[in-house]
Amino acid sequence: MANRKVVVGPMTRVNGMWEIHVTLDGQNRVVEARSASPFWRGMELILQSRDPRDAPYLTERICGICSSAHGYAASLALEEAAGVEPPPNGILVRNVLLGADFLQNHIRHFYFLHMPAFVAGPEQPPFAPRFTTDLRIPRRVSETIYQGYFRAIDESRRAHELAALFSGKVPHGHGVVAGGATVHPDSEKILRALGMVSKLRSFIDEHYLPDVERIAEYYPDYFSIGGGTEGFFSFGAFPQAPHKKKTAIPGGVMLEGRREELDLSAIEEHVRFSYYDQESRQHPAKGTTEVALEKPGAYTFVKAPRYKGRALETGPIARMWFAGRYREEPSTLSRTVARALEARLIVDLIEEWLLAMDPSSPVFEPFEVPEEGRGVGILGAMRGALGHWVEISSRRIARYQIITPSAWNCSPSDDTGRPSPVEAALLGVQVQNPEEPVELGRIVRSFDPCLSCATHVIKGGRRLTSFQII
Amino acid sequence: MSLANIFLPHLAQALGNEERPPVIWIEATTCTGDILSAINAVDHDLRHLLSSVIDLRYQQLLMGGEGSVAREVLEQAMDGRLGRFLLIVEGTIPLRAGGGFNVIARRPSGHGITPLEAVRELGQRASHVLAAGVCASFGGPFAANPNPTQSVPLHQVLDRRVINVPGCPVHPDWLWGTLTHCLLYGTPDLDSFSRPTLFFGQTVHDLCTRRQFFDNGIFASELGQPTCMYKLGCKGPVTFADCPRRQWNGHLSWPVEANTPCIGCTSPEFPDRMTPFYARLPGLELPGVRVSTATLTKLVAGATAAGIGLHLAGKVLTGRLGQTYRKERTPTEIQEIVRVKKILRALPPGCGTRIESRRQEDPRSVTLRHLRKVKARGRGQESRTPRKLEERPPEQGDRPARGERKV
């Protein structure tokens, strides 16, 4: 039998627009996979020549589900450029609200986006119509898991409320700014937050973790499907006071099972298969970029970031590996398990930070926007390593650049044809029913892809120096 | 007998079987923040909405279908097989390259369905069209200067009424409240920007929980201070929304409560005319709160008639009243201040701030004057005729004049 092309477009239940194109051989095995994002907005162009203090609020608008992470990374970048260190209390407030947004993300990802591909829900819209291939979970267990789904509506909202307590509103909160935070913790807020945290902990213990186990019980083969990643890449998560380079969850690079220190100058972006007209294999901070929709061979608006030429995976599974809490081989279900374990860890961390808050200490350090300057903000976001680079000239943004976690995970192949982590995870997968390739969605959603974040363009004539992280 | 009755009866019961209007929700060029905010509703939460209010057929983030199954649902709605439905669109509509900067579904032929194509088809068949969030309503952040994708708000590509429910993101109460109004009572009262006056009828400034600090001239000098955010760039005086009264995320807080300025995210000119976010508004010569010479005269006359020294009225006007109030606490002074305040309250809002505008002239007052004109025009006619889609070359696109932003 001849090869057959299969497209899943739209790949629904992800943040942003995404398509998966695969080629199946005669035995319905995936021999070629393409992660294609048909979606571009150009946020970095929009940021140019604006007041640098606007960047945290504007970059939040890149992504509705991880807005606080973008606001936080943009604040870190401007803080470095302005040479300001936020007070320890402010860092605690920021970490609590980012942590709360993590919980919202992880709960919503598992129940609303990921789980429905494994478990049959009610036979009514929006749950149906749907693929019906390979649904193994018996009705009684499905009902239990969907009880978790409906609880998740309340609990993910509660996680958002915890973030809003310190941020005014979410998505797109106001509480993280360059210089620290803006909401002063007081006994009532701390008490209320502790109450929310305890409810979230019960939900994770009573529903989230058991429901992940239930799916694992019926789909054990997915612990060996969807691997293929070459290594891990992480900026850690939650900067610590007073040295924000130190993080509560450690970061690093894992290549061939060995941990290395991160060297940001080793990042190159490949554009052979992306709709951009620029020189390939450049450090992300270099060069100009023009969109070229008609470029032959190109299939996505996402570039391909590579570390020392390797396509590395980032996300909760990488963070849990560096934290030494979960060291399974990457696969569809091990990513899901790592995300659930991270949610459980974050609940404890939030509680710790809330109790460490000091109502009488400041949360914000005033500063002047520098005439000239540059800064980098690297942060562990919900989906992995997020970096914001800013260059300021005449108190305005001269150039701005963002590399998101989903650019690492969901990028296209690079110049040498090396597939991205998502594409590698799909290669060799046996598809049961090519009319309903349910396996593809299950695998790619385990990365918690966010194509809203991944599609950017970088522009500007000047180059940034390379950055080293200690 | 529907499958729901034999499969998962428990859930079928939970979701209800009564007639609910079909809803198609299109994510155009967006951050997905509007649906994520919409499911933050507290009592009318997602479960209640799905079981009793709407029959959500197409919603990229929540639907069970994917790939061909999802596309089929979309095509049914686009070619009329679904019949009438309610259309909600979040995100702005890119026009550059024929709309090719976003593809929301792909046909087997390889043809990509763009948001432009989808909403123009769906818009003809929908009973009501709601723009959820500031992007679909007015363009929003992704249509900001230099508008790289040549994106336009929804009403510019449809020849019919679009109800704008702005906000970045949209507040769940605003969206579901507007939708429910459409279902039960038809189109709600709209302002000149096609926003429901139910939620966007008053300025944030008029409803502000910290209005007293403004009136008393107590202004925050840096972020994080619990007073009036006006001097830190608060756009509350030009922003129509009920955030201070309604509050966000379980009615828990809102941006000013978080000690930060309102950034005007429900305004037609967000974000371009609302940035820099921390730049102070140039006086308050604004729609709805404009002060004429006549009222100023009236104020001075009133103050004199009340027997109050002009210096005190001046202090009230220039915003130094707060300090006066704190320093000199003689009973006579306090009595006089209370009387001045009474007079001020009886006057149209905003007259105490006229003096502010003399201090500096800001180029953006041009915009504000424009805003006022549009507002005035809106009073003359009930509904706004949507502009037709214009084909424009990309280089002339939506690039607003921005005098202070020269690269």
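## Chain B in outline

Chain B contains 19 helices and nine strands, where helices (H or I, at least four residues) and strands (E, at least two) are DSSP runs numbered from the N terminus. This is a predicted model, in which local features need pLDDT of at least 70 and side-chain atom pairs count only at pLDDT 80 or more, while totals for chains, interfaces and linings use all residues. Residues are numbered from 1 along each chain as its sequence is written, and chains are lettered from A and ligands numbered from 1 in the order in which they are written.

Of the 407 residues of chain B, 48% count as buried; a residue is buried if 20 or more other C-beta atoms lie within 10 Å of its own, exposed if 12 or fewer, and partly exposed in between, with C-beta atoms placed from the backbone. Among contacts in chain B between residues at least 6 apart in sequence, 77% join residues at least 24 apart, a contact being a pair of residues whose C-beta atoms, placed from the backbone, lie within 7 Å.

## Domains of chain B

An automatic or database domain assignment, the origin of the domain bounds, divides chain B into domain 1 (15-199), domain 2 (202-281) and domain 3 (293-353). The centres of domain 1 and domain 2 of chain B, taken over C-alpha atoms, are separated by 28 Å, and their contact takes 16 residues from domain 1 and 13 residues from domain 2. On the side of domain 1 of chain B that touches domain 2 there are nine nonpolar, five polar and two charged residues; here Ala, Val, Leu, Ile, Met, Phe, Trp, Tyr, Cys and Pro count as nonpolar, Asp, Glu, Lys and Arg as charged, and the others, Gly among them, as polar.

## The meeting of the two chains

In the contact between the chains, 75 residues of chain A meet 74 residues of chain B. The elements of chain A that give two or more residues to this side are β1 (4-8), α1 (43-47), α2 (55-60) and α5 (139-165), and α5(A) gives the most, with twelve residues. By class, the side of chain A that touches chain B has 37 nonpolar, 22 polar and 16 charged residues.

Leaving aside residues up to four places away in sequence, A132(B) touches several residues, including D34(B), A38(B), V89(B) and L175(B).

Helix α4 (residues 88-114) of chain A packs with helix α3 (residues 67-82) of chain A at an angle of about 150°, with their axes 8 Å apart; axes are lines fitted to C-alpha atoms, for helices over the stretch in contact, and angles run from 0 to 180 degrees between N-to-C directions. In this contact S68(A), A69(A) and Y72(A) of α3(A) meet R94(A), L97(A), L98(A) and D101(A) of α4(A), and these residues divide into four nonpolar, one polar and two charged.

## Strands of chain A

Eight of the ten residues of strand β15 (residues 372-381) of chain A are buried, so β15(A) is largely enclosed by the rest of the structure. β15(A) pairs in the antiparallel sense with strand β16 (residues 384-393) of chain A over ten bridges, two strands being paired if DSSP finds at least two bridges between them. The two strands form a hairpin with two residues between them, and G375(A) stands opposite V390(A) in β16(A).

An open sheet of three strands in chain A has the order β6-β9-β10, with antiparallel pairing. β6 (231-234) and β10 (258-260) of chain A stand at the edges, each with a single partner strand, so one side of each is left without a neighbour in the sheet.

## Backbone features to check

Most residues other than glycine have a negative phi, and most peptide bonds are trans. In chain B, a cis peptide bond joins C168(B) and P169(B), with omega about 0°, and P169(B) is found in the loop between β9 (163-165) and α9 (172-185) of chain B. In chain A, K308(A) has a positive phi of about 50° although it is not a glycine, and K308(A) is partly exposed, with 13 other C-beta atoms within 10 Å.

Note on methods:
Two residues are in contact if their C-beta atoms, placed from the backbone, lie within 7 Å.
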